[in-house]
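This report goes through selected features of the structure shown below.

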Amino acid sequence: MSNDLRALLARRKPGYTLEAPFHTDPAIFHADLDIIFGRHWIYVGVEPDVPDEGDCMTVDIGPHAIIVARDDDMQLHAFHNVCRHRGARLLHTAHANVGNIVCPYHQWTYGLDGGLKFAAHMPADFDRSCHGLRRIHLRSLAGLLFVCLAETPPADFEAMAATLTPYIAPHDIAHCKVAHAEDIIEHGNWKLTMENNRECYHCSAAHPELTRSIFAEGFGFAPVGAEAEAQAGRFHAMVDTLHAECSRHGLASQEIDHLDDQITGFRTERLPLEDAGESETLDTRVACRRLLGNLHEKRLGALSLWTQPNSWHHFMSDHIVTFAVFPLSPETALLRTKWLVHQDAVEGEDYDRANLTAVWHATNRQDSDLVGKAGAGVRSSGYRQGPYAPDTEALVEKFSAWYVGRMAAGIDA
Amino acid sequence: MTSAPQGDVAYNVTYTVSDRTIVCPGGTFVLDAALAAGLKLPFNCRQGLCGTCKSKLLSGQYDMHHQGGIRPKEIANGLFLPCCSRPLSDLVIEK
């Protein structure tokens, strides 16, 4: 397989979709799990998933079962969710609050720092210190949690964190709560979910709710037709105005794009919104009365963040929507969406959950439908590589180029 | 749960599911007295770590010294660990 994969990577035509095996072949799927998800920084959730001492969250990244835990000193740790005794899975629910992590099989008991504190019936010379939970690298980027399963993770995470923290920190993730979460299983390879996210070519036809507030131009779309120039000009003027206003509020806004020129690829920009310009809601106004952090201005547009290989995020003045993609099988992927509001916001008083989630709940379903259609097409015998529109699907090309580059680097490592 | 356990006093500890009442001296762990009396209860570490013996207390006072085997929220909900708790009064336990 590695020879086939090597050949497929080598002959990949820039500007074109990936060949079918990248979306269907179990061997390439396992290579994705090993090289992409096993050796890069993977977004798994937010600090408000584990707000209190003893809180644990479980995440499965393919075959990698992970616990993120907050200890009694509020420090975060990540471990393999596997007992060091006979390998049983330790925690079975998405979230738990525990004093110690206790294996349900024979009650081997681990502290929240992963140390083995108790194991009955083991001989006197049994060294508990050699049987703590296996640690996984974990970083919080202003409240966004990333793990890396590799022994030596990519070193460029710290530079990304330094660049992005001024953008994200004012939205104060640590003092948010998860107001709503939903998981969707999409019927396509995880890369089809990511490709779909990386363009807004499909937005005007597919996303009536989302396009009430967002401008497709912010997501790589180039307007066409007689009014294209005026439309583009209007959008760029709005971007400039928003950035100038945000700069007065001390908020970082300028576009930064490292999607395909470094190992830990990312892109960010604060983008204007239509009409009231406040939030990605049906009426473009804030969905939550209590603004995030110390923000006082409602009209801050939406800060977009994209990370390779598996996330995107929208930060507004009143709420955050955050998306993680996890591969499930060669032809299915999990899209996990969370809506965050200030931790003191009260449902029914400060926000209405249906209003808060209406736009992305609808958009996720529309996207899921499109990913399913793409999945069904690329597994058909008639599928051939198709061209990305250079002026409108540049971010898709950056995703595919990054993926091919990282796979080629990883296959020989 | 404030006064020190009295070694020379004994309390009745009633297990409602087993339908047994066991005498537990004030200085003895609730689990130890139950095991000595032949009651079969789930337990493992006997030091307040693993939480295997976690039980619902229906009434009574106790003095517990656990090591993370139980959460404050669970204690607030009436749970305790008999392995590391001494009685301060008669106890009624749902076990």
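Predicted model: local features only at pLDDT ≥ 70, side-chain atom pairs only at ≥ 80, totals over all residues.

## Strand E1 of chain B

E1(B) pairs with strand E2 of chain B (residues 20-25) in antiparallel fashion, through 6 bridges. Within this pairing, B:Tyr11 has B:Cys24 as its bridge partner. The two strands E1(B) and E2(B) form a hairpin with 4 residues between them, and B:Asp19 in the turn has a positive phi of about 60°. E1(B) also runs parallel to strand E7 of chain B (residues 91-94), to which 3 bridges join it. There, B:Tyr15 is the bridge partner of B:Ile93.

## An open sheet in chain A

Chain A has an open sheet of 3 strands, ordered E6-E7-E8, with antiparallel pairing. Strands E6 (101-102) and E8 (116-118) of chain A each have a single partner strand, so they stand at the edges with one side lacking a neighbour in the sheet. Between E6(A) and strand E7 of chain A (residues 109-110) there are 2 bridges. In this pairing A:Val102 stands opposite A:Thr109.

## Where chain B meets chain A

On the side of chain B, 10 residues are in contact with 14 residues of chain A. The two chains bury about 900 Å² between them, and 47% of this is on carbon and sulfur atoms. B:Asn44, B:Leu49 and B:Arg71 lose the most area in chain B, together 58% of what that side buries.

The interface of chain B and chain A holds 7 residue pairs in polar contact. By class, the side of chain B that touches chain A has 3 nonpolar, 6 polar and 1 charged residues. The count of salt bridges between the two chains is 1. This salt bridge is formed by B:Arg71 and A:Asp72, whose closest N and O atoms are 3.8 Å apart.

## Surroundings of A:Phe315

A:Phe315 belongs to strand E15 of chain A, residues 311-315. Its relative accessible area is 0%, so A:Phe315 counts as buried. Leaving out residues up to four places away in sequence, A:Phe315 touches A:Leu144, A:Ile168, A:His171, A:Ile173, A:Gly301, A:Ala302, A:Leu303, A:Leu305 and A:Ile320. A:Glu280 is 35 residues from A:Phe315 in sequence, and their C-alpha atoms are 9.5 Å apart in space.

## Backbone geometry in loops of chain A

Most residues other than glycine have a negative phi, and most peptide bonds are trans. The bond between A:Gln308 and A:Pro309 is a cis peptide bond, with omega about 5°. A:Pro309 sits in the loop between strand E14 (302-307) and E15 of chain A.

A:His121 is not a glycine, yet has a positive phi of about 70°. This residue, A:His121, is in the loop between E8 and strand E9 (135-141) of chain A. Its relative accessibility is 80%, so A:His121 counts as exposed. A:Asp172 also has a positive phi, near 50°, and its place is in the loop between helix H4 (157-168) and strand E11 (176-186) of chain A. With a relative accessible area of 22%, A:Asp172 is partly exposed.

## Salt bridges

Over all chains, the salt bridges come to 24. In one of them A:Lys338 is joined to A:Asp49, with the closest N and O atoms 2.7 Å apart. This pair links distant parts of the chain, 289 residues apart: A:Lys338 is in strand E17 (residues 332-342) and A:Asp49 in the loop between strand E1 (42-46) and strand E2 (55-61) of chain A. A:Lys338 is buried at 6% relative accessibility, and A:Asp49 is buried at 7%.

A:Arg285 and A:Glu278 also form a salt bridge, at 3.9 Å from N to O. Here A:Arg285 is partly exposed at 47%, whereas A:Glu278 is buried at 10%. In chain B, the side chains of B:Arg46 and B:Asp32 meet in a salt bridge at 2.9 Å. B:Arg46 lies in the loop between helix H1 (30-36) and strand E3 (55-59) of chain B, and B:Asp32 lies in helix H1, 14 residues away. Both are partly exposed: B:Arg46 at 41% and B:Asp32 at 27%. A network of salt bridges links A:Glu255, A:Asp257, A:Arg267, A:Glu269 and A:Lys398.

Key
Residues numbered from 1 in each chain as written. Chains lettered and ligands numbered in written order. Heavy atoms only, no water. Buried < 20%, exposed > 50% of the residue type's maximum accessible area, 1.4 Å probe, protein only. Contact = heavy atoms within 4.5 Å. Buried area = accessible area lost by both parts, 1.4 Å probe. Salt bridge = Lys/Arg side-chain N within 4 Å of Asp/Glu carboxyl O. Polar contact = N/O pair within 3.5 Å; in protein donor to acceptor, adjacent residues only side chain to side chain. Nonpolar A, V, L, I, M, F, W, Y, C, P; charged D, E, K, R; others polar. Pairing = 2+ DSSP bridges.
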